[in-house]
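I opened this entry to record what I looked up on strand pairing and on aromatic contacts. The structure comes first, and my notes follow.

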Amino acid sequence: MGSHAGAGDLLELVRSGRATTRGALQQATGLSRATVGQRLDRLFRAGWLREGAGGPVDSPLGGRPSITLEFDDEHAVVLTADLDTRHARAAVLSLTGEIQAEHSGTLVIEDGPDAVLDGLGRWFAELLEKAGRTADAVCGIGLAVPGPVDSDTGRVVQPPIMPGWDGYDIRGRLSRAFTEHAGAPAGVPVLVDNDANLMAYGEQSAGYPDCSAFVLIKVSTGIGAGVVVDGAIYRGIDGGAGDIGHIRVPQGADTLCRCGSYGCLAAVASGGAVARSLAESGVPAASGSDVRDLLTAGHPAATALAREAGRCVGDVLATVVTLLNPGVLMIAGDLAGTPFLTGVRELLYQRALPRSTAHLDVVTSRLGERAGLVGAGALVVEHLYAPERAEERLAALGV
């Protein structure tokens, strides 16, 4: 940082809590009092910062308490959505991640991106009305999808369970749908990422901020993993990191996966696979969410199959844990109940080195159904208020 710290850098210091008074900002940056004042004025004019209450009096001689500065989370909202194969959720979030309005319903991925993203645009318009906010209060949109995403382009790359979406311009279409349905200004920024990544990001930042290596496994219709290292999503070179549903396992040697290969973990141990086994034995189930309903009702065949699926996944997770040495391994998604977790633990502790699991917490989701929404919101806010992007946006606002 140092003496060329701009308004965006000061904002970062305040948002992270590293420096929250004018004096502390001068110390952290080496800028003069006048320069700090000018840069803060831009942030006040934009409505991004506000003065909080006076802090504690530092000096034993009394004197005026220093005014603390805080990020003003009222000045804008974020829209987020989380797509599963047959079901979606959408929400209006504050800039600090509180949900102000929420909707869930049926949206079928297989209907294709044009129809699904148009539907989300309509949901967003209704949600803003419900939250009592206008379309121009929206600073950005975050979307979680069940497939690998190249985060530079926001496009999904050969997604096994998203037919018709490969390479599609999701950002452009969702931004347009929002403009059409909500009368929003054109070109609202849209960020897209894999659902397991965003769930991991949401859960890690909300519940485990001190965990420097965090892994979340989402087991719904498919299986994916999200990895957060030192507070950032680990995506790999083109968004393919964490695609553990397509690791081959011996149990599935003759089972064909939707990706076209035989023996994938997802083909034998996902919610979709459990649903198929149930359907074959005469129990009506078509997707991960049907399996979840059966598990909630304590259905014996579903319970037995979920535990067996947990063992399969636990076997693969022994390798993941040995490779990444995480502090927290979180199991989430439709199958993430006791039977599945029991199966995971059985195999994981049996197969992994004691050293790899000595300081490992195996837990279930804290944010539940909302993890992807919260993670998508956090991703948008971190992107839009990061120092460089903040500078560009302040300039565009003319402050």
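I began with the hairpin of β4 and β5 in this predicted model. Five residues lie between the two strands, and G97 takes a positive phi near 95°. I noted that β4 (residues 87-93) and β5 (residues 99-106) pair in the antiparallel sense over seven bridges. H87 stands opposite T106 in β5.

I then traced the sheet. Its five strands run in the order β5-β4-β3-β6-β9, forming an open sheet with mixed pairing. The edge strands are β5 and β9 (190-194), each pairing on one side only. Neighbouring strands are turned by 15° against each other on average, direction ignored. At the β9 end, I found β6 (residues 138-145) paired with β9 in the parallel sense over five bridges, with L143 opposite V192 in β9. Helix α6 (residues 195-207) lies across β3 (77-83), β6 and β9, at about 100° to β9.

Next I turned to the aromatic pairs, of which I recorded four. The ring centres of W48 and Y385 are 5.0 Å apart and their planes stand at 70°, so I classed the pair as edge-to-face. W48 lies in the loop between α3 (33-46) and β1 (49-54) and Y385 in the loop between α13 (371-384) and α14 (387-397), so the pair ties together parts 337 residues apart in sequence. W48 counts as buried at 2% relative accessibility, and Y385 at 0%.

Ring pairs link W48, F71 and Y385 into a cluster. I also checked for charges over these rings. The charged end of R15 sits over the ring of F71, 5.3 Å from its centre, and R393 lies over the face of Y385, at 4.6 Å from the ring centre.

Conventions
Residues numbered from 1 in each chain as written. Predicted model: local features only at pLDDT ≥ 70, side-chain atom pairs only at ≥ 80, totals over all residues. Heavy atoms only, no water. Pairing = 2+ DSSP bridges. Helix = DSSP H or I, 4+ residues; strand = E, 2+ residues; numbered from the N terminus. Axes fitted to C-alpha atoms, helices over the stretch in contact; angles between N-to-C directions. Contact = heavy atoms within 4.5 Å. Phe/Tyr/Trp six-rings, centres within 6.5 Å; stacked < 30°, edge-to-face > 60°. Buried < 20%, exposed > 50% of the residue type's maximum accessible area, 1.4 Å probe, protein only. Lys NZ or Arg CZ within 6 Å of the ring centre and 35° of its normal.
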